[in-house]
Amino acid sequence: MEVLQQVCSKQLPPCNLSEEDLLQNPHFSQLLLSLSQHMDESGLSLTLAKEQAQAWKEVRLHKTTWLRSEILHRVIQELLVDYYVKTQETDLTSEDKKFHETLEQRLLVTELTRLLGPCQEKEMPSPLGLEKADLLELMPPSEDFVWMKARLPLEVEEQLKKKCFTLLCYHDPNSDSDSKTLKAAKVWKLAEVLVGEKLQGQEAKSQQKEQMVLLEKKSATYSQVLLRCLSLLQRLLQEHRLKTQSELNHINAQYLEIKCSAMILKLRMEELKILSDTYTAEKVEVHCLIRGSCIVSSVPGLIGTVWRRPFAYKSKTWRSPSRS
């Protein structure tokens, strides 16, 4: 099962199958194992992968050949550009002028000859009615061409050396202050250093790819676990909602009851405070006498009794010590 999971993660990354899926579908697992024997890590068949590798090898070979000629052509163009810049700044020797003029004339005739080649093969009229023979007449003298050809490798080598030193300083800025000999030694090993850095980048890229696959797996597992947790929480809420709600209602009722009792006591205290501030002891006694008089006036049969009590109260209250 572990082998099958490794196959799915490396050779069949879009599957993203878990162990449960493989156990539930054993026939599908066998099919994946059989397919993995005929496929590489990129998903291509072994035969097609071999043909693709051979094709890429030929492409790289043609690309290398084209790059060599293209680099040589651009270096020659840069030599001519530098020549025209120098003519504006300083006076050049006759040999330098002769070399660059011969080089320019030879390069121009060669490019025009290449442009006329396809037209003649397709039996189409050439531009301006020119033919290769007309262009070959514009070639520089053979002696000048031989002399220019012997000097050209030195000039190209010097131009390429400047470019290599520029590339070295870009890759390692600390090499800018080194001598030319040390720079040349570093340039000699620069290709190996760049190849090593390229391999490190490819390894880091492959590790990043593996980490992305693991991250996708962990994300899928995390999503499943999260969904399970959410379902468990939902079930717990449904089971304990009524019990928790009843306890909460009971606590709220007790709180409201205590709060109402406290409010009633506070109101009673305010009432008693207002009464105590409004009615003193003398005022209360006077009110009692007034009330008693009102009752006597309304009930005549109780006059003696009512009036006896106040006088008795007065006599009891105000009698002198000699009488006692």
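**Notebook: core, fold and cysteines**

I looked up the largest nonpolar core and found ten residues: Val75, Ile76, Leu79, Leu80, Phe99, Leu103, Leu107, Met148, Leu152 and Val156. A nonpolar core is a set of buried Ala, Val, Leu, Ile, Met, Phe, Trp, Tyr and Cys residues joined through side-chain atoms within 4.5 Å. Buried means under 20% relative accessible area, exposed over 50%, and partly exposed in between (1.4 Å probe, protein chains only). I noted that α4 (46-89), α5 (94-121) and α7 (142-171) each give two or more residues to this core. The most come from α4, with four residues.

The model is predicted: local features need pLDDT of at least 70 and side-chain atom pairs pLDDT 80 or more, while totals for chains, interfaces and linings use all residues. Residues are numbered from 1 along each chain as its sequence is written, and side-chain values use heavy atoms, leaving out hydrogens and water.

I next took Leu80 and listed its contacts (heavy atoms within 4.5 Å). Leaving aside residues up to four places away in sequence, Leu80 touches His100, Leu103, Glu104 and Leu107.

For the fold, I counted ten helices and zero strands. Helices (H or I, at least four residues) and strands (E, at least two) are DSSP runs, numbered from the N terminus. Of the 324 residues of the protein, 15% count as buried.

Finally, I searched for disulfides, taken as pairs of cysteine sulfur atoms within 2.5 Å. The count is zero. I recorded Cys169 as buried because its relative accessibility is 18%.
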